[in-house]
Amino acid sequence: MRYATNENRRRLFDGLTRAVAVLRAAGCKAIYLDGSFVGDNSRPGDFDVCWVPVGVDSTKLDPVLLDFSKKRQAQKAKYHGEFFPTTLQSDFLSYFQKDKDTGKPKGIIRLH
């Protein structure tokens with residue numbers, strides 16, 4: 001619970017853990033966390049997750065995790081973050097590991 005240090009972060013962490021449980025139950029083996037949630041920001045607005053769909057049973061997934069309409073509004077409403085399967089972009093992991101403002105490399109967290 002290193003990242004659930006205040007009420008706002010606990011709310012985000014709750015959404016993250018609920019969604020990770022759904023992904024794991026569907027067979028997802030690799031989930032990566034990014035965004036201001038993993039930094040020093042005391043009030044991040046959300047988090048970003050990249051997940052590998054290989055071996056995932058789509059019938060066990062919450063359809064919200066595959067709804068990218070309206071800038072992923074349903075994902076944010078239900079889980080407080082955004083979820084991207086790696087198939088949306090050819091190299092999503094590399095994309096997640098670059099600072100969007102500077103282009104410099106940055107770390108992400110793999111959830112186990």
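Predicted model: local features only at pLDDT ≥ 70, side-chain atom pairs only at ≥ 80, totals over all residues.
**Stop 1: helix α1.** Select residues 7-25. At 1.5 Å a residue, these 19 residues should span 27 Å, and the end C-alpha atoms are 27 Å apart, which agrees.

**Stop 2: the ends.** Show Asn6, which caps the N-terminal end of α1. One of its side-chain oxygens lies 3.1 Å from the backbone nitrogen of Asn8. Then go to Gly27, which follows α1 and has a positive phi, near 105°.

**Stop 3: the buried face.** Colour Asn8, Arg9, Leu12, Gly15, Leu16, Ala19, Val20 and Leu23; these residues of α1 are buried. Look down the helix axis: the buried residues fall within an arc of 135°, so they line one face of α1. On the other side, Glu7 and Ala25 are exposed.

**Stop 4: the packing partners.** What do the buried residues of α1 pack against? Select β1 (31-34), β2 (48-51), α2 (73-79), β3 (82-85) and β4 (109-111).

**Stop 5: the sheet.** Keep the strands and hide the rest. The 4 strands form an open sheet in the order β3-β2-β1-β4, with mixed pairing. β3 and β4 are at the edges with a single partner strand each, so one side of each has no neighbour in the sheet. On average, neighbouring strands are turned by 30° against each other, direction ignored.

**Stop 6: β1 and β4.** These strands run antiparallel, joined by 3 bridges. Pick Leu33 and find its bridge partner in β4, Ile109. Finally, bring α1 back: the helix packs on the sheet and touches β1, β2, β3 and β4. The direction of α1 makes about 160° with that of β1.

How values were computed. Residues numbered from 1 in each chain as written. Heavy atoms only, no water. Helix = DSSP H or I, 4+ residues; strand = E, 2+ residues; numbered from the N terminus. Expected span 1.5 Å × (residues − 1). Buried < 20%, exposed > 50% of the residue type's maximum accessible area, 1.4 Å probe, protein only. Arc of directions from axis to C-beta. Contact = heavy atoms within 4.5 Å. Polar contact = N/O pair within 3.5 Å; in protein donor to acceptor, adjacent residues only side chain to side chain. Pairing = 2+ DSSP bridges. Axes fitted to C-alpha atoms, helices over the stretch in contact; angles between N-to-C directions.
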